Amino acid sequence: LQGNDMPVNIKSFLIVDPPSWFGSIWRIMKTILSADFQRKVHMISSEDLHMYLEKGYNSYLPDEMDMGKCSTDEIVSDFIDYRKKLEGGSEGEISTKVVLL
């Protein structure tokens with residue numbers, strides 16, 4: 001991902017509360033994606049997140065979302081620290097708040 005050669009196993013790809021125009025874009029985008037990946041993409045409303053994520057998921061969602069409880073600034077900071085470490089930049093402690101589903 002992002003220029004690094006590594007295998008990626010995606011079980012589900014959620015697009016939450018997409019804008020009304022996104023369906024038109026998606027119809028074009030999905031033609032370049034594998035049929036397997038297309039089946040993993042779900043456009044859902046935020047009220048349906050509980051159907052796809054484990055209990056307590058909202059503690060990992062950014063507080064910019066209605067049900068999110070994690071500081072958006074903290075998420076961004078953790079991600080920057082993670083990328084720096086991954087790319088050999090300045091060493092920083094990686095918080096467990098960064099969760100890849």
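Colleague: Where do Arg39 and Asp36 lie, and how many residues apart are they?

Modeller: Both are in helix α2, residues 35-40. They sit 3 residues apart, about one turn of the helix. Keep in mind that this is a predicted model.

Colleague: What do Arg39 and Asp36 form, and how far apart are the closest N and O atoms?

Modeller: A salt bridge, with the closest N and O atoms 3.7 Å apart. The cut-off is 4 Å, so the pair counts.

Colleague: Which residue besides Arg39 is linked with Asp36 in the network of salt bridges?

Modeller: Lys40. Its closest N and O contact with Asp36 is 3.3 Å. Lys40 and Asp36 are 4 residues apart in helix α2, so about one helical turn separates them.

Colleague: How many salt bridges does a search of the whole structure find?

Modeller: It finds 3. One of them joins the side chains of Glu87 and Arg83, at 2.6 Å from N to O.

Colleague: And Glu87 and Arg83, buried or exposed?

Modeller: Glu87 is exposed, at 55% relative accessibility. Arg83 is buried, at 13%. The buried class needs a value under 20%, so Arg83 falls inside it.

Colleague: Why would such side chains pair at all?

Modeller: Opposite charges can pair when the charged atoms come close.

Colleague: Changing topic. How many aromatic pairs are there?

Modeller: The whole-structure search gives 3 aromatic pairs. One is Phe79 with Tyr82, with ring centres 6.4 Å apart and planes at 40°, so the pair is tilted.

Colleague: Why is 40° tilted rather than stacked or edge-to-face?

Modeller: Stacked needs planes under 30 degrees apart and edge-to-face needs over 60, so 40° is left as tilted.

Colleague: Where do Phe79 and Tyr82 lie?

Modeller: In helix α3, residues 72-86. They are 3 residues apart, about one turn of the helix. Phe79 is partly exposed at 39%. Tyr82 is partly exposed too, at 27%.

Colleague: Staying in helix α3, is Thr72 buried or exposed?

Modeller: Thr72, found in helix α3, is buried, with a relative accessible area of 15%.

Colleague: What is Thr72 in contact with, leaving aside neighbours within four places in sequence?

Modeller: Pro62, Asp63 and Glu64. The C-alpha atoms of Thr72 and Pro62 are 4.8 Å apart, although the two residues are 10 apart along the chain.

Colleague: Now the surface. Which residues make the nonpolar patch?

Modeller: Trp21, Ile25 and Met29, with a patch area of about 310 Å². Trp21 lies in the loop between β1 and α1. At 53% relative accessibility, Trp21 counts as exposed. Patch residues need over 30%, so Trp21 clears that limit.

Colleague: Last one. What about the phi of Asp17?

Modeller: Asp17 has a positive phi of about 50°, although it is not a glycine.

Colleague: Where is the place of Asp17?

Modeller: Asp17 is in the loop between β1, residues 13-16, and α1, residues 22-29. Asp17 is partly exposed, at 44% relative accessible area.

Note on methods. Residues are numbered from 1 along each chain as its sequence is written. This is a predicted model: local features need pLDDT of at least 70, side-chain atom pairs count only at pLDDT 80 or more; totals for chains, interfaces and linings use all residues. Side-chain values use heavy atoms; hydrogens and water are left out. Helices (H or I, at least four residues) and strands (E, at least two) are DSSP runs, numbered from the N terminus. Buried means under 20% relative accessible area, exposed over 50%, partly exposed in between (1.4 Å probe, protein chains only). Patches are made of residues with over 30% relative accessible area and no salt bridge: like charges are joined within 9 Å, nonpolar side chains (Val, Leu, Ile, Met, Phe, Trp, Tyr) within 5 Å. Accessible areas come from the Shrake-Rupley method with a 1.4 Å probe; for residues, only the protein chains shown count as cover. Rings of Phe, Tyr and Trp (its six-membered ring) pair if their centres lie within 6.5 Å; planes under 30 degrees apart count as stacked, over 60 as edge-to-face and the rest as tilted. Contact means heavy atoms within 4.5 Å.
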